[in-house]
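Subject: Handover of a structure and summary of findings

Dear colleague,

Please find the structure below, with its sequence.

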Amino acid sequence: MLIGIDLGTTNSLVSYFDGEKPVIIPNRLGEHLTPSVVSVDGDGTILVGRAAQERAMLDPFCSASVFKRAMGTEKEFLLSGKSYRATELSSLVLRSLKEDAQAFLGQPVQEAIISVPAYFNDQQRKATQLAGELAGLKVERIINEPTAAALAYGLTKQQSGRFLVFDLGGGTFDVSVLELDDLIMEVHAIAGDNFLGGENFTEALADYFLEQEGLHPEDLDWRAKVQLHQQAEACKIAFSEQAVNTMCLTVNDQAHEREITLAEFEQACEPLFDRLRRPIERSLRDAGLLISDLDQIVLVGGATKSQLVRRFVAKLFGRLPAPGADPDEAVALGAAIQCGMKERAQAIQEVILTDVCPFTLGTSVVRDNGLFEESGYYQPIIERNTVIPVSRTETFYTASDNQTQIRVDILQGESRLAKNNLYLGEVVVPVPAGPRGRESVRVTYTYDINALLQVEVQVESTGLKRQVIIQGGQSKLSPEEAQARMDALAELKLSPRDQEENKLAMMKAERLYEETTGSLRQWVDRLITEFDLALRTQDKLTAERARKKMLQELELVEYEMTQRP
């Protein structure tokens, strides 16, 4: 069975194509969104999703979130004394989604199409592929998030024209310019920022509050930092309903409270708006279009539900964005449609999708600057936003006398200096010694829709050919290292499926116990004790009834908290 997965910075979703339409698969809690949060309990139990999110509020040192931004890097997250990389944490989220899909579909799931930000480079895509492998999935394809969203929008609306997909998630930002003509979906250009998302808007609001209150981040302990983030996130969301909101923070037993207006929030976010503009301008420039050439603006990603972001988009484009699929679900729905296309589903078998190469691919060369020759310059071979699949050939010559070999560095990026671009590999070929410029090689780059890059180098005088294939989905680990990591992750204990709802309820109760005082704390303590006794019976029905009763009363506790000064 093939499933589609939106592996998000803040939330993740899983979907499939039922033969007629894309369907979001609910998780074990009956919800569509699974928070991309992982927590390691004291006994080694791994929590994923909302339970992990609740645990993070109690003890952030055993939990990790927003790790998608670290995909493809060496950064490690220390959870309960053990280090994890973003790839491993992502694999735990993927494994949870896989289990949800298997339970919903009633059959094994072994294959997946996973979406990534369009501006993910080769290393980040490889890390995503590896995460899927560690979760026990064969990743059939990596699809760009805006492209997936465009599929969901375009095929639902069945409306031809050019449109721009504005994809602002929790941690990344992508822009894609696409055209739909009948059943042909063509991507013209993409751009983005892998470190810009809804989290940045929350941080901007938190920073503004600290500045206005004369506080500094170093003044806050971890509890105050958690409270500040919660207050900023709640205030950001509340701006969708009202123009003035209040943030509260306790630092060293001193209460800080401030009203913040929407205008103040907008001013604090001005640097972020500047960062949003740059990829938009770049994508339109690469596509050779003006804003007036666009027929629709499509918003994707949870952060686009913000009134502030929608106002920015409306002002920038001079029109209201098009109503479409749920911004949270559009990418997952598009991934499911891609599943249907791969399975040649009758309902969409005639749909054609073309994509583009997200980054320029090239090599390093020696250049004559007019005074002397200098090495280390970048020579593009396949330009970014070239429609794929594509093949390009360039001819290069020996740069020095008696040179006996030519090394072709395979690079990805946009910098004019080779050292500032991403190194993917190399091909080395021997050439006959002779005067500089006499020997030449034909270098051919071929790039396909699965991010597979084939580089072939042919020595023109001898006919010798050498090639290397760089698969965007291959990990940099050896087979032995990959197996060792898979074995290690297989030993981790995941919360049993039938305990997930109970674990989440207990985490929420424990958090409220820490946040309350006096009679409210005593109330929560009693609820926890009663629920714990119910769990000890090991009777599923008894535990379910106790859980529902506790959650109902916890809602009353939260209401009482809002009524007290």
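This is a predicted model: local features need pLDDT of at least 70, side-chain atom pairs count only at pLDDT 80 or more; totals for chains, interfaces and linings use all residues.

Does Lys21 count as buried, partly exposed or exposed? Lys21 counts as partly exposed, because its relative accessibility is 46%; buried means under 20% relative accessible area, exposed over 50%, and partly exposed in between, with a 1.4 Å probe and protein chains only.

Residues are numbered from 1 along each chain as its sequence is written, and side-chain values use heavy atoms, with hydrogens and water left out.

Salt bridges

The structure holds 36 salt bridges, a salt bridge being a side-chain nitrogen of Lys or Arg within 4 Å of a carboxyl oxygen of Asp or Glu. One of these joins Lys21 to Asp18, with the closest N and O atoms 2.9 Å apart. Asp18 is itself partly exposed, because its relative accessible area is 32%.

A second pair consists of Asp122 and Lys126, whose side chains meet at 3.0 Å, N to O. The two residues are separated by about one helical turn, because they lie four residues apart in helix H3 (residues 122–134). Helices (H or I, at least four residues) and strands (E, at least two) are DSSP runs, numbered from the N terminus. Asp122 counts as buried at 6% relative accessibility, and Lys126 likewise counts as buried at 13%.

The side chains of Asp286 and Arg384 also form a salt bridge (2.7 Å, N to O). This pair links distant parts of the chain, 98 residues apart: Asp286 belongs to helix H8 (residues 270–287), and Arg384 to the loop between strand S20 (373–382) and strand S21 (387–388). Asp286 is partly exposed, with a relative accessible area of 28%, and Arg384 is partly exposed at 21%.

Cysteines

A search of the whole structure for disulfides, defined as pairs of cysteine sulfur atoms within 2.5 Å, finds zero. Cys269 is in no disulfide, and the nearest cysteine sulfur, that of Cys235, is 11 Å away. Cys269 counts as buried because its relative accessibility is 0%. Cys357 also counts as buried, at 1% relative accessibility.

Yours sincerely
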